[in-house]
Structure formats: structure tokens, C-alpha cells
Amino acid sequence: AVFFSLLLGWMLSSPAPPPKPVRKVSTGKAGEPTPEEVATGFLGSINIGRYDMAYTLLKPDLRKSLPQKSFEAQMRRWAARPGMVAEIGQRRAHLENVAAGTATVSLYRGPTPQDAWTWQFSKGPEGWRLDRVPGR
């Protein structure tokens with residue numbers, strides 16, 4: 001009984017280990033959407049059929065070369081693939097790399113990178129935007 005009392009006293013008096021540092025990556029101004037948030041917003045827009053909203057998340061040069069109607073038609077075909085709506089809803093964005101105004105985001109279907117989609121982003125005056133149209 002004395003041993004357990006001493007052990008309990010020692011456990012309660014020992015300081016807790018410091019928390020592990022969280023890897024924070026500065027991706028822009030405070031309050032500005034991160035690349036992961038842009039990826040999540042893009043997927044959410046596609047999932048609810050708001051292709052116009054997804055189109056605004058493409059980088060300006062890409063929007064200039066791809067008319068909105070063509071983009072919307074591509075996204076409708078992509079989302080109409082068997083099982084795609086469910087898969088889009090399961091994807092979670094993970095920031096992989098940020099360097100010199102570019103970012104790489106992987107979209108995992110589960111907790112691991114198995115079958116991940118990898119998207120590239122560029123930072124411009126509008127914030128983070130997709131470099132390419134997914135599903136092409």
C-alpha cells in the first residue's frame with residue numbers, strides 16, 4: 001500500500017511532458033484561405049453542382065484559356081463518373097509543400113496517402129488558386 005501511495009504521489013507530482021510542436025506553415029496573410037481550404041472549397045463546389053464557384057478557384061491564366069462553359073461541362077462529366085460524388089465527399093486535403101508562391105496539396109480518401117490526388121496551387125493577387133483542372 002505504501003508503494004502504491006508513493007507511486008501515485010510521484011505520478012501526480014511529475015510535470016507533464018511538453019506538447020509536441022505543431023508544424024505550422026505560413027501560406028499567406030491572416031484570414032486568407034490556405035491551399036487546403038481552396039482545395040476543399042473546390043471539391044465542395046463540385047459536389048453540390050456549383051461549377052461556377054469552382055471556376056473562380058482556378059488561377060487567372062487558366063480561366064483565360066478555358067471558357068467557363070467548357071470548364072462546367074468537364075466538371076459535370078467528371079462528377080458524373082460512377083462513384084465520383086461519394087469519392088469527392090470522402091477526400092481530405094493535406095498540405096505537402098509550400099515554396100516560392102507554389103503549394104502542393106494531396107487529397108486523401110482516408111487517413112493515409114493511398115490513392116491520393118495531388119494538386120498544384122499558385123499564389124497570386126487573388127490568393128491561392130488551382131494550377132490545373134482536376135479530372136482532365
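Of the 136 residues in this chain, 33% count as buried, where buried means under 20% relative accessible area, exposed means over 50%, and partly exposed lies in between, using a 1.4 Å probe and protein chains only. Before I go on, please keep in mind that this is a predicted model, in which local features need pLDDT of at least 70 and side-chain atom pairs count only at pLDDT 80 or more, while totals for chains, interfaces and linings use all residues. Residues are numbered from 1 along each chain as its sequence is written, and side-chain values use heavy atoms, with hydrogens and water left out.

Let me begin with the overall plan. The secondary structure comes to 6 helices and 4 strands, where helices (H or I, at least four residues) and strands (E, at least two) are DSSP runs numbered from the N terminus. Read from the N terminus on, the elements run α-α-α-α-α-α-β-β-β-β. If we take the contacts in the chain with a separation of 6 or more, residues 24 or more positions apart account for 52% of them, a contact being heavy atoms within 4.5 Å.

Now to the sheet. In what order do the 4 strands of the open sheet stand? The order is S1-S2-S3-S4, and the pairing is antiparallel; two strands are said to pair if DSSP finds at least two bridges between them. Strand S1 (92-99) and S4 stand at the edges with a single partner strand each, so one side of each is left without a neighbour in the sheet. On average, and with direction ignored, neighbouring strands of this sheet are turned by 30° against each other; such angles run from 0 to 180 degrees between N-to-C directions, and the axes are lines fitted to C-alpha atoms, for helices over the stretch in contact.

We can walk through the sheet pair by pair. S1 and S2 pair in the antiparallel sense over 7 bridges, and here valine 98 has alanine 103 in S2 as its bridge partner, while leucine 95 stands opposite valine 105 in S2. The hairpin of S1 and S2 has 2 residues between the strands, and in this hairpin alanine 100 takes a positive phi near 45°. S2 is mostly covered, with 6 of its 7 residues buried. S2 and S3 pair in the antiparallel sense over 6 bridges, and threonine 104 stands opposite glutamine 120 in S3. In the loop between strand S2 (102-108) and S3 you will find proline 111, which at 79% relative accessibility counts as exposed. Although proline 111 and arginine 92 are 19 residues apart in sequence, their C-alpha atoms are 8.5 Å apart in space. Finally, strand S3 (residues 117-124) and strand S4 (residues 127-130) pair in the antiparallel sense over 4 bridges, they form a hairpin with 2 residues between them, and serine 122 has arginine 129 in S4 as its bridge partner.

Let us turn to the helices, starting with H2. H2 packs on the sheet, where it touches S1, S2, S3 and S4, and its direction makes about 115° with that of S3. The 13 residues of H2 should span 18 Å at 1.5 Å a residue, and its end C-alpha atoms are 18 Å apart, which agrees; the expected span is 1.5 Å times one less than the number of residues. Which residues of H2 are buried? They are Pro35, Val38, Ala39, Phe42, Leu43, Ser45 and Ile46. These residues cover an arc of only 160° around the axis, which puts them on the same side of H2, the arc being that of the directions from the helix axis to the C-beta atoms. After H2 comes glycine 49, whose phi is positive, near 80°.

The other helix I would like to show you is H5 (residues 68-80), in which Phe71, Glu72, Gln74, Met75, Trp78 and Ala79 are buried. The buried residues of H5 pack against helix H2 (35-47), helix H3 (51-55), helix H6 (84-90) and S3.

To finish, how do H2 and H5 pack? They pack at an angle of about 80°, with their axes 10 Å apart. H2 and H5 are therefore roughly perpendicular to each other, a description used for angles of 65 to 115 degrees, while those under 35 count as roughly parallel, those over 145 as roughly antiparallel, and the rest as oblique. Phe42, Leu43 and Ile46 of H2 make this contact with Phe71, Met75, Trp78 and Ala79 of H5.
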